[in-house]
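Please look over the model below. A short report on its helices, surface and contacts follows.

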Amino acid sequence: MIVDCVTCPVRGSACSDCAVGVVLNTPSRGLPLDATERRAVHALVAGGLLPACQTAGLRAHMEPWMDVQAVG
């Protein structure tokens with residue numbers, strides 16, 4: 001199965017209700033942070049730019065790719 005968000009007729013306006021999220025079992029409340037994102041958050045906390053108490057429930061959110069064109 002090929003999912004082509006670039007040509008989706010409701011891209012951007014219906015991404016939150018997309019069946020792809022159901023197929024991939026993507027939680028609606030967000031995804032766990034990956035290692036790179038956790039390191040970035042840690043750097044912000046270490047630099048005093050973000051209070052550590054606000055980082056406990058951080059989740060990643062998938063955003064639709066805007067202005068991305070298919071190649072190939």
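How many residues does α2 have, and what span does α2 reach from its first C-alpha to its last? α2 has twelve residues and reaches 16 Å, close to the 16 Å expected at 1.5 Å a residue. The expected span is 1.5 Å times one less than the number of residues in the helix.

This is a predicted model, in which local features need pLDDT of at least 70, side-chain atom pairs count only at pLDDT 80 or more, and totals for chains, interfaces and linings use all residues. Residues are numbered from 1 along each chain as its sequence is written, and side-chain values use heavy atoms, with hydrogens and water left out.

**Overall picture**

The protein has two helices and zero strands. Both terms refer to DSSP runs, numbered from the N terminus: helices are H or I with at least four residues, strands are E with at least two. Of the 72 residues, 6% count as buried. Buried means under 20% relative accessible area, exposed means over 50%, and partly exposed lies in between (1.4 Å probe, protein chains only). The accessible surface is about 6200 Å², and 60% of that belongs to carbon and sulfur atoms. Areas come from the Shrake-Rupley method with a 1.4 Å probe; for residues, only the protein chains shown count as cover. A contact means heavy atoms within 4.5 Å. Among contacts between residues at least 6 apart in sequence, 71% join residues at least 24 apart.

**Around α2**

L33 lies in the loop between α1 (19–23) and α2 (35–46). Leaving aside neighbours within four places in sequence, L33 is in contact with R38, V41, L58, R59 and A60.

At the start of α2, a side-chain oxygen of D34 comes to within 3.1 Å of the backbone nitrogen of T36. T36 is itself in α2. It counts as exposed because its relative accessibility is 52%. The T36 side chain also makes a polar contact with the side chain of R39, at 3.3 Å. A polar contact is a pair of N or O atoms within 3.5 Å; within protein, one must be able to donate a hydrogen and the other to accept it, and residues adjacent in sequence count only if both atoms are side-chain atoms.

At 26% relative accessibility, V45 counts as partly exposed. Beyond four places in sequence, V45 touches L50, A52 and T55. Just after α2, G48 takes a positive phi of about 80°.

Two C-alpha separations:

| Pair | Apart in sequence | C-alpha to C-alpha |
|---|---|---|
| L33 and H61 | 28 residues | 9.2 Å |
| V45 and T55 | ten residues | 8.5 Å |
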